[in-house]
Amino acid sequence: MAELLDMDINWTPVIAATVCGTGALYLFLKWRNNQKIQKKILNARKRRDKSLQQAEQAVQQFKIQNPDFESSSIVSLSLPELTGKLKDGSLQPDAVLYAFMEKVLTAAIFCMWIMYEIYEFMASFRGLQSMF
C-alpha cells in the first residue's frame, strides 16, 4: 500500500484529457442547442407559411363567392365612413374583414421580401468581412 502512495503520477495527460473532454462536451451542447433553435425556427416558418396560405385561400374563396367584391374601396374609407356603412348595412362585416385581410397579406408578403433581402445582404457582408 505504501508503494501506491509513493508512486510519482504524471498529471499532465489527465488534465489535458479533462480539458479536452470538457471542451468537447461544451461544443456538443452548444451544437445541440443550435439544432433545437434551428428546428424551432423551421417550425415557426412552416406555421407562418401555412397560416398565410390559409388566409390567401380564404380571401380567394370570398372573391369567388362575391365577384363584385372591391377591397380597395373598403380599405380607403375613413373609420367614421366605415362605421357608418357597417351600421346602415351598406357594407357587410365579412366584406370588411376580407378586404383588410387582403391588405394585411399584401403587406406581410412585402415585409417578408424586405427581410429576406436584408438577410441576404447581411450574409454577403459577413462573407466579405471574413475575407479581410
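**Core, burial and surface**

Guide: The largest nonpolar core has 14 residues, and Phe69, Ile74, Leu82 and Leu91 touch the most other members. The elements giving two or more residues to this core are α2 (12-65) and α5, with α5 giving the most, five residues. This is a predicted model, in which local features need pLDDT of at least 70 and side-chain atom pairs count only at pLDDT 80 or more, while totals for chains, interfaces and linings use all residues. Residues are numbered from 1 along each chain as its sequence is written, and side-chain values use heavy atoms, without hydrogens and water.

Visitor: What makes a set of residues a nonpolar core?

Guide: Its members are buried Ala, Val, Leu, Ile, Met, Phe, Trp, Tyr and Cys residues joined through side-chain atoms within 4.5 Å.

Visitor: With which residues is phenylalanine 69 in contact, leaving aside its neighbours within four places in sequence?

Guide: Phenylalanine 69 is in contact (heavy atoms within 4.5 Å) with Phe62, Lys63, Ile74, Ala95, Tyr98, Ala99 and Glu102.

Visitor: Why does serine 71 count as buried?

Guide: Buried means under 20% relative accessible area, exposed over 50%, and partly exposed in between, with a 1.4 Å probe and protein chains only. Serine 71 has 16% relative accessibility and therefore counts as buried. Serine 71 lies in helix α3 (residues 71-75), a helix being a DSSP run of H or I of at least four residues. Beyond its neighbours within four places in sequence, serine 71 is in contact with Ala99 and Glu102.

Visitor: Why does tryptophan 113 count as partly exposed?

Guide: Tryptophan 113, found in helix α5 (residues 93-131), has 48% relative accessibility, so this residue counts as partly exposed.
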